[in-house]
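Welcome! Here is a short briefing on one protein model, written for a first look. Please keep the sequence and the 3D view open as you read.

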Amino acid sequence: GGPAHTVLADIYPQAVGEQRGRILTVLGRELSPDSIPVMVAALLAPDLTDTAAALLESARDRITPAMAKLLRTSLQKRLDETVAPSIVARVMSVLAAVDAKGSKALFLKKIEPGVAAQIRAAAFRGLRGVELTPLQTKAMMASLEDNTQKGVHEAIREVLFSLPELPAGLAPGLKRLLASRQPEQRLFALNLLRQELSNYFRT
């Protein structure tokens, strides 16, 4: 239980091989502030990323706001260019599960065009269900129409389709997508326009 977390956190850096995985499993049963630094270290270790991510995602309902903030701020300090894109992308998915609202600023930073597509896609998906400004959704629509950003189109479609309502000004872009050579783009535009039309008549 909780009283053991401090001891386990202290010995984690000296643990090797399967010992670290066992410590993570014990800490994951009852997360506490003392266990968060260990989880952060494990998330950034290639051989433990998936284990730590799965434990945090399964415990998301038990993670307090204070623990979520500690997790987010600790990760932000360590997510630099030395961290593999696959790990950063997995971190984005973890933060989306446990602290999507608090991580909004980080997600917006990681969807910039200069970021690796794998990271951008995960960051876009982290924005599902998060309140966005009309300007932010219009920027996503512009990226969706840009064929050079095809690697993140699916993620952007998921975000836009999750919006409770579309801001004014997106209709022209959706109409252009109806003429796209990509069937998934046409289907997305058709479904979103149909959804908007249905909402209009409902109100």
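A search of the whole structure turns up seven salt bridges; a salt bridge here is a side-chain nitrogen of Lys or Arg within 4 Å of a carboxyl oxygen of Asp or Glu. This is a predicted model, in which local features need pLDDT of at least 70, side-chain atom pairs count only at pLDDT 80 or more, and totals for chains, interfaces and linings use all residues. Residues are numbered from 1 along each chain as its sequence is written, and side-chain values use heavy atoms, with hydrogens and water left out.

**Salt bridges**

- Arginine 90 pairs with glutamate 57 in a salt bridge, and their closest N and O atoms are 2.8 Å apart.
- Arginine 90 is in helix H6 and glutamate 57 in helix H4, so this pair ties together parts that are 33 residues apart in sequence. Helices are DSSP runs (H or I, at least four residues), numbered from the N terminus.
- Arginine 90 is partly exposed, at 22% relative accessible area, and glutamate 57 is partly exposed with a relative accessible area of 22%. Buried means under 20% relative accessible area, exposed over 50%, and partly exposed in between (1.4 Å probe, protein chains only).
- Aspartate 99 forms a salt bridge with arginine 72, with 2.5 Å between the closest N and O atoms.
- Aspartate 99 sits in helix H6 and arginine 72 in helix H5 (residues 65-78), so the pair ties together parts that are 27 residues apart in sequence.
- Aspartate 99 counts as buried, at 13% relative accessibility, and arginine 72 is buried at 15% relative accessible area.
- Arginine 176 forms a salt bridge with glutamate 145, and here the closest N and O atoms are 2.7 Å apart. The pair links distant parts of the chain, 31 residues apart: arginine 176 is in helix H11 (residues 171-177), and glutamate 145 is in the loop between H9 and H10.
- Salt bridges that share partners join Arg125, Arg128, Glu154 and Glu158 into one network.

**How H4 and H6 pack**

- The axes of helix H4 (residues 49-58) and helix H6 (residues 85-99) come within 9 Å and cross at roughly 10°. That makes H4 roughly parallel to H6, a label for angles under 35 degrees.
- Axes are lines fitted to C-alpha atoms, for helices over the stretch in contact, and angles run from 0 to 180 degrees between N-to-C directions.
- On the H4 side, the residues that meet H6 include Ala53, Leu56 and Glu57; on the H6 side, the residues that meet H4 include Arg90, Val94 and Val98. Contact means heavy atoms within 4.5 Å.

**The nonpolar core**

- Which residues touch the most other members of the largest nonpolar core? They are Leu71, Met92 and Leu160, in a core of 63 residues. Such a core is a set of buried Ala, Val, Leu, Ile, Met, Phe, Trp, Tyr and Cys residues joined through side-chain atoms within 4.5 Å.
- H6 gives the most to this core, with eight residues.
- Beyond its neighbours within four places in sequence, leucine 71 is in contact with residues including Ile36, Leu56 and Val94.

**An enclosed helix and an exposed glycine**

- Seven of the 10 residues of helix H8 (residues 117-126) are buried, so H8 is largely enclosed by the rest of the structure.
- Among the buried residues of H8 are Ile119, Arg120 and Phe124, and what covers the buried residues includes H6 and helix H10 (153-162).
- Glycine 17 is in the loop between helix H1 (2-11) and helix H2 (18-29), and glycine 17 is exposed, with a relative accessible area of 62%.

Terms used. Helix = DSSP H or I, 4+ residues; strand = E, 2+ residues; numbered from the N terminus. Parallel < 35°, antiparallel > 145°, perpendicular 65-115°, else oblique.
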